[in-house]
Each structure stands twice: as structure tokens, then as C-alpha cells.
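Subject: Structure for you to look through

Dear colleague,

I am passing on the structure we spoke about, together with some notes on what I found in it. Please open it beside this message and follow along.

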Amino acid sequence: MANDHFLTLSCPDKSGIVHAVTGVFAREGLNILDLQQFSDPASEKFFMRVHFGPTPAESTDFLRPAFDALAAEYVMSYDIRPVAQKARVLIMVSKIGHCLNDLLFRAKTGQLSIEVPLIVSNHPDFAPLAASYGIEFHHLPVNRETKAAQEGQILELIKKNDIELVVLARYMQVLSPTLCEAMSGHIINIHHSFLPSFKGAKPYHQAYDRGVKIIGASAHFVTADLDEGPIIEQRVSRVDHSMSAKALVDEGSNVESQVLAAAVKWYAERRLFLNGTKTVVF
């Protein structure tokens with residue numbers, strides 16, 4: 001995929017968008033390898049993801065004038081980036097490590113197109129795991145009085161390390177509106193429940209108390225409203241009356257890892273689009 005690129009765009013829906021976009025590639029002699037589009041009749045927005053290439057060189061600056069003109073004409077937001085460019089990810093974790101361990105393994109083995117330059121935790125437990133992968137580990141304890149200062153340190157690390165995506169891999173602290181707004185659309189959380197059911201603490205125990213027959217996990221973008229952000233992916237697992245609360249937790253951890261990995265993968269592959277309180281996933 002040398003010199004292949006992704007184009008992603010969104011704009012108000014109207015006729016002629018596909019013709020205009022594909023016309024740019026045709027005029028430049030570029031091959032469209034894959035194209036996905038969606039027109040949402042509810043929001044009246046249009047979304048498109050194009051995998052194109054190869055370009056004559058790594059730079060796509062020669063495409064900017066044409067797409068800048070389209071952006072002005074169609075009130076369009078667009079982005080072009082190399083397929084080979086990995087998303088730089090900050091992982092945050094507390095004391096439960098299965099999602100962290102899974103993401104690091106997938107990144108190491110090439111299953112996820114991400115770089116993880118650092119891990120942040122409010123506990124020291126996973127410093128040895130980070131060291132085993134050669135990743136910086138920052139232990140930043142937090143309480144009500146120090147929350148603003150701690151999140152200030154996180155924002156400094158994000159800027160210093162050119163972080164594009166923050167992944168909350170069972171980070172058991174509620175982020176402030178300041179941090180949510182600063183990284184809006186770029187924070188993904190795994191909630192150990194099938195949202196919108198069983199929000200807040202100990203959802204598996206809530207599910208056990210209700211005698212549910214399925215449990216699940218939800219990956220979603222983070223907003224200032226707890227567990228209310230646009231949902232990216234959800235999966236479930238069947239359970240029954242014979243299983244204890246611990247058995248539900250154990251089964252749920254497998255689902256959580258799969259769901260979070262899928263959400264991160266789709267983000268890294270430029271498949272996710274925010275659409276109000278929902279997402280579009282190509």
C-alpha cells in the first residue's frame with residue numbers, strides 16, 4: 001500500500017458530491033481502490049471514505065487546491081492521510097488490565113495500526129507491563145482536589161507526544177468537561193455494559209441482580225455526560241441462571257476487549273464519523 005491514502009469527508013447532503021469527488025481523482029489519474037458513502041436522511045448529512053492510490057509521491061499537496069475548492073462549495077470537512085500512517089494513541093487505565101493488555105498485544109503484532117508512546121494511570125500497577133513493551137508509563141494519582149491539575153498534566157502529555165486518540169481502557173475516573181471538550185471526538189471509552197442499560201459502577205453486578213440472559217460491552221466516544229457519548233460498537237454474550245456475578249465479570253472481560261479493539265481499529269482505519277449523537281461506521 002505504498003503511497004495509498006484515505007480521504008474522509010462529511011458535509012450537508014446534496015446532489016453532485018460523489019461526481020465532484022471522484023472527478024478529482026479521475027483528472028489526476030488516481031485509482032479508487034474502495035469507496036463507501038452514506039446519506040443520512042435524518043441529519044441530512046453526507047459521509048464518505050475513499051481509499052485511493054498510489055499517488056506519484058508520498059505528498060498529496062497537489063490535491064489540496066481541488067479539495068479546498070470542493071470544501072468551500074459544499075461546506076465540507078475533509079482529511080487526507082497516508083494509509084501507512086499510524087494513529088498515535090494514549091492509553092489510560094486504572095487497576096483492571098485486560099483491555100490494556102489486549103490493545104498492546106494487538107498493536108505489537110500489527111493487528112492495530114496504532115503507536116502507543118505512553119500509558120497514563122492513576123495507579124502504579126501496570127508500570128511493569130508498560131516497561132515490557134518499552135512504553136513510557138506515567139503514574140498520575142488523582143482525587144477531587146487534584147483532578148484539575150492531573151488533567152492538566154494529561155493535556156500536556158497529549159500535546160507533547162502529538163496524541164490523536166485517547167483510549168480509556170477501564171480507566172475508572174470520570175473525565176472533566178474541560179478534557180472532554182479539548183479532545184472531543186478523539187476519546188474512546190469501553191463501558192462494561194450494553195448501553196444504555198446498567199450505567200455507572202458495577203454494571204455486571206446490576207445485571208446479575210436483574211437476572212439478565214445476555215451481557216455486553218459498548219465502546220463509545222466520550223462526552224461530558226457520563227456513558228452518554230455516541231456508540232461505536234456493541235457486542236453481547238449469552239449467560240444463564242447458573243453463572244455467578246464473578247462468572248459474568250469474567251465473560252464480560254472477553255467481550256470488552258473485543259469491542260474496544262474493534263473501535264480502536266476502525267478509528268485508526270478512518271472508518272468512524274460523528275453524526276450528532278450517533279456514529280457512522282464504514
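Strand S2 (residues 32–40) and strand S3 (residues 45–52) pair in the antiparallel sense over eight bridges, where strands, like helices, are DSSP runs numbered from the N terminus (E and at least two residues for strands, H or I and at least four for helices), and two strands count as paired if DSSP finds at least two bridges between them. Within this pair, Gln37 has Met48 of S3 as its bridge partner, and in the hairpin, which has four residues between the strands, Glu44 takes a positive phi near 60°.

Please bear in mind that this is a predicted model, in which local features need pLDDT of at least 70 and side-chain atom pairs count only at pLDDT 80 or more, while totals for chains, interfaces and linings use all residues. Residues are numbered from 1 along each chain as its sequence is written, and side-chain values use heavy atoms, with hydrogens and water left out.

An unreviewed UniProt entry carries the annotation "domain: ACT" for residues 6–85; its positions are given here in the numbering used above, its feature names are shortened, and such annotations may be inferred rather than shown by experiment. Over residues 6–85 the chain is 29% helix and 38% strand, with the end C-alpha atoms 10 Å apart.

Helix H3 (residues 98–108) has as its buried residues Cys99, Leu100, Asp102, Leu103, Leu104 and Ala107, buried meaning under 20% relative accessible area with a 1.4 Å probe and protein chains only. Among the elements that cover them are strand S5 (87–93), strand S6 (114–121) and helix H8 (245–268). Just after H3, Gly110 takes a positive phi of about 80°.

Ser257 is found in helix H8 and is buried, with a relative accessible area of 10%. Leaving aside its neighbours within four places in sequence, Ser257 is in contact (heavy atoms within 4.5 Å) with His98, Cys99 and Asp102.

Conventions
Buried means under 20% relative accessible area, exposed over 50%, partly exposed in between (1.4 Å probe, protein chains only).
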